[in-house]
Amino acid sequence: MGFPQTRMRRLRRTEAIRRMVREHRVLPSNLIMPYFVVDGEKVREPISSMSGQDRLSVDLLVKEARRVRDLEIPAVLLFGVTEKKDCEASEACRDDGLIQRAVRALKKQVPELAVICDLCCCEYTDSGHCGILTPAGDDVDNDATLELLAKIALTYAEAGADIIAPSDMMDGRIGAIRDALDTEGFPDVAIMSYAAKYASAFYGPFREAAGSGHFHGTRKTYQMDPGNAREALREVALDLEEGADMVMVKPALAYLDVIREVSEAFAVPLAAYSVSGEYAMIKNAAQQKLVDERMIVRETLTAIKRAGADMIITYYAVEAVEKGYLKD
Ligand code: PBG
């Protein structure tokens, strides 16, 4: 039946009715809050490329993590930021390295929170690449990097990480990491794979945040081409076969179609990463009063969930819950 018997506006008349018929909403439990961790004590360094975000030393990270827990956000995602870089990312493998210490402190002091460790070499290599370079130095050596990733993953698991999230896009890394975890007695540590990670300009502000700003090469030989969607399904299928427990699409807003396709093709928990560039675009526009921050954050997070994501990694997680952006 069409108009005038049918009037779509009847169900939009009042806020009460709109709430009743709303199909998708974002809950605090859908969110994951990323943090950048630095050495030292009582260190809080504002990240100029991402207004409102800071690099934190472990003591202040623990304080923030209590806030995250109290807001009922279930998890944090950790990135280490260090000046100690070399060709084999040795700082990432140390038992008492930055992330390892952060994980121990969090698991001891805020045990309710799930701790996810981003696993990648780019914050620790002097090349700024996500793995070890080939002898010729012109590309990342896939298989040599696998060994290193497995080694770093073990130190994170040893420290108490709940979930390891490899973001390097090497082939075979999920299998290598799963093998290492199972062999060394960590069968319960989960893997969230950055399965469909695109070579994206939206990572721009992250480079400053994570101190990989000197990076001049290209990640296009390992991260995906933005023109491809089918390929994302192959990446996800391979990672699941190798033992991934959850998969991710990254970035989020420019890849909602990919989120939708992955969510329809695979019955596994799906994360979407709303990355630094998405955050910075919205934050800067809001600060210039070009957009209503509350509405735009709510609208974009809802869109990512509506596309099919179960979990959303967003730098807005704490602000969105604390300021009630997601409230009905
Ligand atoms: C490291 C990594 C990056 C991001 C997450 N992990 C940068 C990159 O691959 O260039 C980006 C996150 C963001 O932009 O918020 N491999």
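In this predicted model, Glu72 is located in the loop that joins helix 2 (58-70) to strand 4 (75-80). The phi angle of Glu72 is near 65°, a positive value in a residue other than glycine. The briefing below covers the backbone, the ligand site and the salt bridges.

**Backbone geometry**

- Most residues other than glycine have a negative phi, and most peptide bonds are trans.
- Glu72, with its phi near 65°, has a positive value.
- A cis peptide bond runs from Phe3 to Pro4, and its omega is near 10°.
- Pro4 belongs to the segment that precedes helix 1.
- A cis peptide bond also links Lys250 to Pro251, with omega near -10°.
- Pro251 is part of the loop between strand 8 (246-250) and helix 8 (256-265).

**Ligand surroundings**

- The ligand is surrounded by 17 residues, of which Lys197, Arg207, Lys250, Ser276 and Tyr315 are the closest.
- By residue class, the shell around the ligand comprises nine nonpolar, three polar and five charged residues.

**Polar contacts and burial of the ligand**

- The side chain of Tyr315 places an N or O atom 2.6 Å from an oxygen atom of the ligand.
- For Arg219, an N or O atom of the side chain is 2.8 Å from an oxygen atom of the ligand.
- Ser167 has a polar side-chain atom that lies 3.3 Å from a nitrogen atom of the ligand.
- Taken alone, the ligand exposes 400 Å², and the protein buries 100% of that area.

**Salt bridges**

- The whole structure contains 27 salt bridges.
- One of them pairs Arg18 with Glu15, whose closest N and O atoms are 3.0 Å apart.
- Arg18 and Glu15 are separated by about one helical turn, because the two residues are three positions apart in helix 1 (residues 15-21).

How values were computed. Residues numbered from 1 in each chain as written. Predicted model: local features only at pLDDT ≥ 70, side-chain atom pairs only at ≥ 80, totals over all residues. Heavy atoms only, no water. Near = heavy atom within 4 Å. Polar contact = N/O pair within 3.5 Å; in protein donor to acceptor, adjacent residues only side chain to side chain. Areas by Shrake-Rupley, 256 points an atom, 1.4 Å probe, with all protein chains shown as cover. Nonpolar A, V, L, I, M, F, W, Y, C, P; charged D, E, K, R; others polar. Salt bridge = Lys/Arg side-chain N within 4 Å of Asp/Glu carboxyl O. Helix = DSSP H or I, 4+ residues; strand = E, 2+ residues; numbered from the N terminus.
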